[in-house]
Amino acid sequence: MGELKLVGKSLLRKDGPDKTTGKAKYTADRKLPGMLVGGILRSPHPHAKILNINTEKAEKLPGVKAIISGSDTRGIKHGFVETPRYPPDQNILADDVVRHVGEEIVAVAATHYKVLNDAINLIEVTYEVLPAVFDVAEAMHPDCNVQIHPNHPKVKDNFCNIAGKTETQWGDIEEGFKQADLICVDRFESHLRTHGYLEPQTAIADYRGDGTLHMWISSMGPFVKRKKLASTLGLPEGSIQIHKAYVGGAFGGKIDLFSHEYCAAALSIKTGRPIKFVATREEIFAAYRHGQPLISEIKTGVKKDGTIVAQQLRMINNAGAYKGSGVVVIFLAWGFSMIPYRVKNFKYEGYSIFTNNPPRAPLRGHGAPQVRFALESHMDIIAEKLKMDPIALRLKNARIPGEELPNKDNVHNCGLQECIQKAVSKTDFSNRRHRIPNTEKISAHRPIKHGIGLGVSAYFGGSLIYPNGSSAIVKMNDDGSVDLLTGAIELGQGSETVLCQIVGEELQLEIEDIRIISSDTATTPQDIGAWISGMTYVTGNAVREAAGNVREKILQVAAEQLNERVENLKLENKSVLVAADPARRISYRDVYNASIAKNRGDTIIGNGHWRTMRDEPFHPSLATTKGRWSENYAFSVQVAEVAVDTETGEIKLLKATTVHDCGFPINPQLVKGQIDGQVSLALGHAFMEDVMMKNGYTLNPTWLDYRMPLIHNVADSKEVDVITESYQVGRSFRTKEVGEGLVSAILAAIANAIYDATGLRMYTTPFSPEKVLKGLKLLNENKGLR
Amino acid sequence: MKQAIELIINGETHDLFLSSNVTLVEAIRDNVGLLGTKVGCDMGTCGACTVLLEGKPILSCITLAVECNGKEITTIEGVSDGVTLSNLQEAFVRKGGVQCGFCTPGMILSGTALLKKNAHPKVDEVAKALEGNLCRCTGYNRIIDAVLDASVSTSHLQDQGEK
């Protein structure tokens, strides 16, 4: 195959003009005649029994069109996970008990916001306040007197409030530790952060007279939403059409079914009118879902030469009041700990613990930043104890191509070793590490200290989670241009551009020749959605197959028309020509007409499908980790260069270097955009962002108090591709994850750089000024003692 | 109490009869029907709703519509004719300053106002002008690049014009 024309090129975003001119339509930009507005009365208590709900006064208010409460939704359950082990546990509207501040109790439909807010204020709820627990250690303590839900029936540990447990092991952990020359024990803790998507949670529902429900939802995949809406509303999936809307960022926070989405549908059905729900920013901060705080307890045994011989991990997640994704993050935390390095003897336990906090959602990386921060800090600690170069320690244990993981997955063309080597050489890492103590001696009075640190991470790409695969349709138009029909949702990552590049490459079209119709459950085929890091791989391959199907049809028709064998033909500039005799050619337009004439009206429609791990029936067990997880592992190494102000405790991330193996970058500029965004997210994680909660209440529910990076908090972000795969027309390709795995190693790198600069080891995030100052003070006092 | 007001939005005059508590962004989106202006927080903290009032960037979610009576407002729809992009719009696309796009209208209006009064801004001047606009996707690097790039191409065009 010849040179690639579209794929691998930094083509401009297809949605760029619409997004820069204000034409791009998001959910809230949809205006429907007679549209009502909806809102939710939420619990003011972290744990309380509902004794009575009185909506009489609210119902009498002119302009109030419908009110629903727990009695209308009794028995309807939903959850992030819905499996036999972890059945759905959330109510749409609270039944008898509220378990966190902000839990949904009553939903109201009204003509205007003024009426809506008055109505919500007129609803009287009588509560019996119950004792509540917020801290994970208190909640899991065997003597905890607050039982939020019964313990998981299958987990027999003597703890309280267990939502779920993941456990697995291989090798012989006892024997492994016996072989160790050094055993190192550490504990790390990550804090609560939130997604910070700019577009608020929004849903519009329009139930029409023909029995169809039309919705626009700010989401991460319309097919997942449709499934959950269908099952909770008791409607066939086919009667619900979720229409396309651009999404103003999600970062994991818009996957699950949210009460307001169900309520929009139910209230539209009840009133016969369209209705819109838009969450206020304060609601999003105080009542919607944040990320996953995680405690990581690590014990590692190593030989003198750095070989890891045993590793034992215990991860504890503060799940909030319902399982949410808490029972998933304890599975993922196992995965993120086992990918990069070979560990012969391994034991893992992950606990998810109920507390009276709002339930949690995935947040870009879904556990990986927490886990890699812990393990990569731990690696540096081990290296120091062994008096070994931290790079050598990592290279000694890092996976090599073709290696099989303990879950029987294969890392295939794993680029980790190369990533480490390139990261070191690109940043002159080894020479610059420890350079700092020398400068310190020269100018002891200078408060700024510089440091450099490195971290390693790896991430899965695509997995078997509903709907498990993607389909795509490509259909030709009379002029040879094509329409691509895909369920893929554009939420900023650039899916529409990337998928069009693939179609263009397969059919030798210009990007302008491809129109994309996307993320509409009625008119586009099913799609996995933008939430398990597999869209370019799974949907991309489905799209490639669909376009390939069209190419085959084009070639077949052209071969007949030109009276030539298919293998002698090639595609060029919307024509098919004989490779050896380019004058003999037929345009796509003529192929299209010939196909209709000769192939019983086929307008040249191609379809394609893709599912990862086609021999695997199901996703891996969340309880035991058994089963295949992914066929695409992406590896990355990130280096952070920081400046620590030892007088103020403030730290700056001066430079982030990302060396990553994303397989084959379909669009390098979009890949770079993903990396920059992730470095920025990690910068916020490290230094700025902190959802401060007290007794279940969010103390800082605005962007003034929850500080996200501003344009003044930019890190210089450089990247190096380690390309391990290639793209060939007509063949399946392997792209690896690039959308969320790169928030992780950089966090660890920052922590290691702080240590390099100051000798201060960070065991908890965020690396806040007060923590740094306190740590430095302690460090100096200890030095004084010596 | 309602008031009759006149808003001159993107050069077109709109006569509106609004309660005094209606915000400018509500008037623009709900009464005039221009939906390019986004609402991210509705409390003046994210900058997504930025529009130009008499050429100066303001937060339309915390500005009352009646205060803008008789004034000129530029929204994202007025930055270019929507077919041919402005230099800055084009630079946002070319440099990768756009991802989810929700902050983009506000960013472009802040950037447009800056370039109008300072054709050759330095990096810190770009940062100062855009410090009220949150972006969660890009990490800002490419947004800065886009504004700098547009300033170069703007001056290029101006130079040509002067000749």
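At what angle do α2(B) and α3(B) pack, and how far apart are their axes? The two helices pack at an angle of about 130 degrees, with axes 10 Å apart; here axes are lines fitted to C-alpha atoms, for helices over the stretch in contact, and angles run from 0 to 180 degrees between N-to-C directions. The model is a predicted one, where local features need pLDDT of at least 70, side-chain atom pairs count only at pLDDT 80 or more, and totals for chains, interfaces and linings use all residues. Residues are numbered from 1 along each chain as its sequence is written, while chains are lettered from A and ligands numbered from 1 in the order in which they are written.

Chain B is a handy place to start. It has 5 helices and 5 strands, with helices (H or I, at least four residues) and strands (E, at least two) taken as DSSP runs numbered from the N terminus. Read along the sequence, the pattern of chain B is β-β-α-β-β-β-α-α-α-α. The radius of gyration of chain B, 16 Å, is close to the 15 Å that the globule rule gives for 163 residues, so chain B is as compact as a globular protein of that length. That radius is taken over C-alpha atoms, and the rule is 2.2 Å times the number of residues to the power 0.38. Along its principal axes, the C-alpha trace of chain B spans about 50 × 40 × 25 Å. Of the 163 residues in chain B, 57% are buried (20 or more other C-beta atoms within 10 Å of the residue's own; exposed means 12 or fewer, partly exposed in between, with C-beta atoms placed from the backbone). Among contacts in chain B with a separation of 6 or more, 60% come from residues 24 or more positions apart; a contact needs C-beta atoms, placed from the backbone, within 7 Å.

Back to the opening pair. α2(B) and α3(B) are therefore oblique to each other (angles under 35 degrees count as roughly parallel, over 145 as roughly antiparallel, 65 to 115 as roughly perpendicular and the rest as oblique). On the α2(B) side, B:Leu88, B:Gln89 and B:Phe92 meet B:Thr104, B:Ile108, B:Gly111, B:Thr112 and B:Leu115 of α3(B). That contact splits into 4 nonpolar, 4 polar and no charged residues, where Ala, Val, Leu, Ile, Met, Phe, Trp, Tyr, Cys and Pro count as nonpolar, Asp, Glu, Lys and Arg as charged, and the others, Gly among them, as polar.

Now for the interface. 40 residues of chain B are in contact with 43 residues of chain A. On the chain B side, α2 (87-95), α3 (104-117) and α5 (141-162) each give two or more residues, and α2(B) gives the most, with 4. By class, this side has 20 nonpolar, 14 polar and 6 charged residues.

Chain A has a helix pair of its own to look at. The axes of α10 (residues 326-338) and α11 (residues 368-386) of chain A come within 9 Å and cross at roughly 45 degrees, which makes α10(A) oblique to α11(A). This crossing, too, is right-handed. A:Ala333, A:Phe336 and A:Ser337 in α10(A) meet A:Ala368, A:Val371, A:Arg372 and A:Leu375 in α11(A).

Elsewhere in chain A, A:Tyr86 sits in the loop between β4 (77-78) and β5 (90-91). A:Tyr86 counts as buried because it has 20 C-beta neighbours inside 10 Å.

Terms used: Contact = placed C-beta atoms within 7 Å. Left-handed = near helix turned anticlockwise from the far one by under 90°.
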